[in-house]
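The following note sets out several points on the model under review. Please read each point against the sequence and coordinates shown here.

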Amino acid sequence: MNNLLKFSIGILATLGFAWLAFVVASVRQFGDLTPEAQFLEDDGSRPPDADLFPKDLSGLAKQGAEDYLSLGCMTCHTQQVRLEEAGFDVERGWGKRPSMPRDYVLQDHVMLGNTRIGPDLANFGMREHENNWLHQHLFEPQSVVPDSICPPSPFLYQIADEAKEGSIEIPDREENNQTRHVIPSLRANRIVAYLQGLNQDYELPEMKFVETAAPVEEEKQSVDGVPDWLAQQMESGKEIYMKAAPGGGLCFTCHQPTGLGLPGQFPPLVDSDWVLGDKDRLIKISLFGLMGEIEVNGVKYNGAMPPPGLPPGSLSDQQVADVLTYIRNAWGNSASSVSPSEVAAVRASIKGRAPMQMWTAAELATEKKTEK
Ligand code: HEC
Ligand code: HEC
């Protein structure tokens, strides 16, 4: 009897807990959100601070989502802008802010994906490609992006002998030097509507737009998605890291060209929370150095890093930004870039600090974050 009672309580507790997690928690998160359409201003804009559902896709686009799924586009394309700490996504121009769970609440199939052979498409609609371009790309990606490895889908089109109403002109390729005309099928139109509808172009209460160093629209994208200015920062950062002459950072002499440091003496920069975590703290130690006991990847170090640079502490805002962007993204590290203005803001916030006064971990722990 006693056991039966325990057993029943156990069952009830399990069910109760599941109910709390699945039902109560999701109602709390999303239950009070107002359906979008009823809430918009007359001119279609969102009232500030309105707690809304994200935008729903049009009916055609929803069907397109099924086609997208069935054609396996998800094997190469993700639909998730990662958090700032986790990578370059916002800087690459893949979105104005990281994606949040709420962005997906209206989707039947959430197609986050997990492999990025092609660019992330969470905000494809914001890239403002013409419908024509999209059909050309869908029919034969190589007709608009010559080296593309995105697979063509000619079976979604009917080939026409000449231009007619509703036909799309496919640009010439050298091999088969002739202009082709194709008529999109309903499926092709659905996929295009779906891709055009992918947009996270609104701020959420839990996630505002992120300000990037370079305005997103001006970016030139290379095929691997790293914009020019970022590639430049990485290149200049590596030079500073490896330079042992005035203007250099000397970093490699202690942390080694591999970023792995030397056991017992110099801590590693690879996978270090000091490098990948809080930018504020990272900028501070790059300006004034660090001493005393610290822990990196579970190992204690007790050394001293004089203010980096030659002469010590002489690196400019741009140089600090470049070298930090480099160490945050070299050797398999991946984190958002650091801009000169972020360095300048931190520098201004610690203006009165005596030259050469290295930080200690304890002091950094009590510091307030710089207002940006
Ligand atoms: C083998 C991997 C792969 C598959 C599968 C794939 N793509 Fe791609 N896709 C790529 C690559 C790589 C690029 C970048 C080169 C380019 O722009 O063509 C790309 C680019 C794109 C672009 C242009 C993105 C931009 O921002 O310029 C679109 C749109 C696109 N793919 C749609 C699709 C659709 C729709 C499908 C499913 C029918 C699909 N892709 C399947 C690899 C793939
Ligand atoms: C003279 C040797 C030396 C040089 C040069 C040097 N560091 Fe360090 N660095 C150290 C030591 C030692 C520590 C650990 C300090 C402690 O134990 O408190 C450290 C700690 C760090 C940390 C925090 C701990 C970690 O491993 O993540 C970072 C980040 C860092 N250095 C980055 C740099 C950068 C960037 C440069 C070049 C601009 C640089 N260091 C140049 C010796 C050096």
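1. Strand 2 (168-170) and strand 3 (residues 180-184) run antiparallel and are joined by 3 bridges. Strands are DSSP runs of E with at least two residues, helices are runs of H or I with at least four residues, and both are numbered from the N terminus. Within this pairing, glutamate 169 stands opposite histidine 181 in strand 3.

2. This is a predicted model, in which local features need pLDDT of at least 70 and side-chain atom pairs count only at pLDDT 80 or more, while totals for chains, interfaces and linings use all residues. Residues are numbered from 1 along each chain as its sequence is written, and chains are lettered from A and ligands numbered from 1 in the order in which they are written.

3. The open sheet consists of 3 strands in the order 1-3-2, with antiparallel pairing; two strands pair if DSSP finds at least two bridges between them. Strand 1 (157-160) and strand 2 each have a single partner strand and stand at the edges, so one side of each lacks a neighbour in the sheet. From one strand to the next, the twist averages 40°.

4. Helix 4 packs on the sheet and touches strand 1, strand 2 and strand 3. Its direction makes about 55° with that of strand 2. Contact requires C-beta atoms, placed from the backbone, within 7 Å; axes are lines fitted to C-alpha atoms, for helices over the stretch in contact, and angles run from 0 to 180 degrees between N-to-C directions.

5. The largest nonpolar core has 26 residues, of which Leu138, Ala188, Ile191, Val192, Tyr194 and Leu195 touch the most other members. Such a core is a set of buried Ala, Val, Leu, Ile, Met, Phe, Trp, Tyr and Cys residues joined through C-beta atoms within 7 Å; buried means that 20 or more other C-beta atoms lie within 10 Å of the residue's own. Helix 5 (186-197) is among the elements that supply at least two residues, and helix 5 gives the most, with 6 residues. Not counting residues up to four places away in sequence, leucine 195 touches Leu121, Phe124 and Leu134.

Terms used. A residue is buried if 20 or more other C-beta atoms lie within 10 Å of its own, exposed if 12 or fewer, and partly exposed in between; C-beta atoms are placed from the backbone. Two residues are in contact if their C-beta atoms, placed from the backbone, lie within 7 Å.
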